[in-house]
Amino acid sequence: MEERSLELEPRQEGTREKAAPVIVRFCLNEIEEHFDENLRYIREQFSMADELFESGKEEESRNIWRAQIVFLESAFDFYLHELTKFGLSEMFAGNWQKTEKYNNLSVKMSIVDRALNAREDSAWFLEFVDDFYREITLVSYQSVKDQMNLLGLNLQEVADAVFYERDSSVKTKDKLERCLKLLYHQRNVIAHQSGRRHADAQREEITKDMVEQYINDVEKIVGKIQGLARQKELD
């Protein structure tokens with residue numbers, strides 16, 4: 001019979017399991033602060049792009065503008081994720097009116113089991129929402145539309161607040177759709193195609209004015225969504 005060694009095995013480095021982060025539901029003011037901070041970082045890159053452009057390094061400055069587009073979509077996406085987590089939690093707690101889409105959320109049985117065992121602890125719900133939306137990008141026009149319906153926020157009011165122009169023949173919602181679709185297209189071309197068209201490998205046009213307009217539009221869109229969310233807090 002082989003004898004077992006009683007000597008201690010050398011300690012394995014880096015084998016300790018990392019504790020899962022606690023899922024935090026931020027309030028509306030904190031969510032807005034996160035977005036504003038991200039937007040400030042994005043705008044700060046203009047000065048570097050200007051210096052490069054003025055020194056003749058135009059393509060380098062365009063690369064910064066392209067990066068700003070990607071970061072802008074990222075900031076918008078993160079905002080929508082945080083707002084979704086907040087809004088669904090408010091519905092779960094009974095503070096916001098539950099929408100049809102909320103009532104039809106698909107929940108795995110493993111989550112149901114945990115919910116039944118959790119009793120008064122609602123941390124499971126935050127984890128469910130965080131896990132459900134973690135890998136989903138929310139910045140396409142259809143995704144934004146779906147999230148507004150999920151949270152019971154009026155997308156038409158957002159469109160009117162941001163894109164209304166007197167005597168314009170184009171509907172405000174069509175302008176909102178066009179803005180979000182163009183921005184989403186720009187982001188995908190930059191992130192997945194290095195800014196080049198599939199058809200001829202030419203880089204798509206990008207200018208400082210385009211980037212500034214996108215930033216201003218998204219800032220106004222988020223501002224109106226925040227206002228609608230705050231109104232629900234008062235209702």
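Student: How are helix 7 and helix 8 oriented to each other?

Tutor: This is a predicted model. An angle of 65 to 115 degrees between axes counts as roughly perpendicular. The axes of helix 7 (residues 155–163) and helix 8 (residues 172–193) cross at roughly 85°, and the two helices are therefore roughly perpendicular to each other. Their axes come within 8 Å.

Student: Which residues make the contact?

Tutor: Helix 7 contributes Leu155, Gln156, Ala159, Asp160 and Phe163. From helix 8 come Thr172, Lys173, Lys175, Leu176 and Cys179.

Student: What is the make-up of that contact by class?

Tutor: The contact of helix 7 with helix 8 has five nonpolar, two polar and three charged residues.

Student: Next, the backbone. What is the phi of Ser194, and where is this residue found?

Tutor: Start with the general idea: most residues other than glycine have a negative phi. Ser194 has a phi near 55°, a positive value in a residue other than glycine. Ser194 is found in the loop between helix 8 and helix 9 (208–234).

Student: What is the phi of Ala201, and where does this residue lie?

Tutor: Phi of Ala201 is near 65°, again positive in a residue that is not glycine. Ala201 lies in the loop between helix 8 and helix 9.

Student: Why does Ala201 count as partly exposed?

Tutor: Buried means under 20% relative accessible area and exposed means over 50%, with partly exposed in between. Ala201 counts as partly exposed because its relative accessibility is 38%. Ser194, with a relative accessible area of 40%, is also partly exposed.

Note on methods
Residues numbered from 1 in each chain as written. Predicted model: local features only at pLDDT ≥ 70, side-chain atom pairs only at ≥ 80, totals over all residues. Heavy atoms only, no water. Axes fitted to C-alpha atoms, helices over the stretch in contact; angles between N-to-C directions. Helix = DSSP H or I, 4+ residues; strand = E, 2+ residues; numbered from the N terminus. Parallel < 35°, antiparallel > 145°, perpendicular 65-115°, else oblique. Contact = heavy atoms within 4.5 Å. Nonpolar A, V, L, I, M, F, W, Y, C, P; charged D, E, K, R; others polar. Buried < 20%, exposed > 50% of the residue type's maximum accessible area, 1.4 Å probe, protein only.
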